[in-house]
Amino acid sequence: MAEAGADSGGGDLVIVSSPLQYMNAVEQRAARGRPADLVLIGDRHGTGATIDALMARQNPWETVHRHGRRPRPPRAVPRLVKDLLDARHRASLDRLASTFSGRRFGQVVFGDYRNVSQRLLVDRIAHDETVLLDDGSVTPQAAAWRADPSTAPEPGQFDLKMFRTALARRVFRERLPAAPLSVTYFTIYGSIIGGRTAPRDRMVENGYGAWRSGLATRRSASETWLLGSNHAEAGICAAQDYVELMLGAVAALRLEGRGPIVYRPHRGESDGKVRTLCEAGDMRLVRTGAPVELDYLDAAERPAAVVVTASSAADTLAVLDPELEIGRIALPQSYLRRRGDHIRAVVAVHDAFNPRLRVITPASPPGAA
């Protein structure tokens, strides 16, 4: 936590990258009871327009600072070239942090413990209290990491090294962000992480009251939302395995008499795969670009059920509407090809967080061999 030359009483600062982080930041401001300065760091899915739409609805900010995301060049680009791009990115973050020099913030609030750009700003800016928003169900994993890294699922996701080569680390004098001495979790996951945090960490409950006020009252008798994921695009599973899993889930839902089924893609899913999947499963495709939580709040008619594979929406929607039926699709043993520990930890959080959650075993689609 930066200390030198700071003047206390400088308000609060919030740093976010994604639409869900923005929604949680609005909730945290409502709980805090005062506006703050906002830093928007672009994310890999290019959701700036979505955040702008959210900001048009709720905007508790004194000033807004925009900054580009960390570069993500193609894999074929040499590692040293990637390090040069990251060095420029780090320098620009340092310049941004310098604009806040001379101020000491009461709270610095950020959205993702794994995000090296966010963590670098938190480390460089003087403040009294560090607050972490939920970034999906990775929050319990971050709490476990802070309590005891040896027991955290997929500990490598918290590796914050900026540079890939020894030469760049030496030339650019890599300075890793320090772990905050204490973290206040603004979270829906108190029941999961309570009693399993670092000694100085604490929790403040996020009940989604600021957004919940827009919840529609009518519910469909049969419509089901099937929430997509970018597992195939991220290499977590094979593309064919994902398609088969989704079609098997659709078949199981139809055997229960569910319908119509609406497919709502993840923002990282490819258009071609989504269209093929919806045609094969006879599903209606709805892609708004907004967080599914906001779509749910704005829906003229809420669905009877929401089904996920491994999505934080299973948890946030359970808070927004405790009466909503939520299901998750059972993942076959061979489904996860990488990041298995992370995905299994996300699923475990779903099951522990929502005792009413129902596990759906995929069935063979009609006409399958």
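1. Asp298 is partly exposed, with 42% relative accessible area; this class lies between buried (under 20%) and exposed (over 50%), judged with a 1.4 Å probe and protein chains only. The model is predicted, so local features need pLDDT of at least 70 and side-chain atom pairs count only at pLDDT 80 or more, while totals for chains, interfaces and linings use all residues. Residues are numbered from 1 along each chain as its sequence is written, and side-chain values use heavy atoms, with hydrogens and water left out.

2. Asp298 forms a salt bridge with Arg57, at 2.6 Å from N to O. A salt bridge here is a side-chain nitrogen of Lys or Arg within 4 Å of a carboxyl oxygen of Asp or Glu. Asp298 belongs to helix 11 (residues 292-298) and Arg57 to helix 2 (residues 48-57), so the pair links distant parts of the chain, 241 residues apart. Helices (H or I, at least four residues) and strands (E, at least two) are DSSP runs numbered from the N terminus. Arg57 is partly exposed as well, at 46%.

3. Which residue pairs with Arg164 in a salt bridge? The partner is Asp83, and the closest N and O atoms are 3.7 Å apart. Arg164 sits in the loop between helix 5 (139-147) and helix 6, and Asp83 in helix 3, so the pair ties together parts that are 81 residues apart in sequence. Arg164 is partly exposed at 29% relative accessibility, whereas Asp83 is buried at 0%.

4. Another salt bridge joins the side chains of Arg114 and Asp112, at 3.0 Å from N to O. Arg114 is partly exposed, at 22%, and Asp112 is buried, at 9%. The whole structure holds 32 salt bridges.

5. An open sheet is built from six strands in the order 10-9-8-11-12-13, with parallel pairing. Two strands pair if DSSP finds at least two bridges between them. Strand 10 (284-285) and strand 13 (358-360) stand at the edges; each has a single partner strand, so one side of each lacks a neighbour in the sheet. Strand 12 (residues 325-329) runs parallel to strand 13 and is joined to strand 13 by three bridges. In this pairing, Ile329 stands opposite Ile360.

6. Helix 9 (residues 239-255) packs on this sheet. Helix 9 touches strand 8 (224-227), strand 9 (261-264), strand 11 (305-308), strand 12 and strand 13, contact meaning heavy atoms within 4.5 Å. The direction of helix 9 makes about 155 degrees with that of strand 9. In the loop between helix 9 and strand 9 lies Pro260, and the peptide bond from Gly259 to Pro260 is cis, with omega near -5 degrees.

7. Arg173 has a positive phi of about 50 degrees and is found in the loop between helix 6 and strand 6 (184-187). Tyr208 has a positive phi of about 55 degrees and lies in the loop between strand 7 (202-205) and helix 8 (209-212). Are these residues buried or exposed? Arg173 is exposed, with a relative accessible area of 70%, while Tyr208 is buried, at 1%.

Key: Axes are lines fitted to C-alpha atoms, for helices over the stretch in contact, and angles run from 0 to 180 degrees between N-to-C directions.
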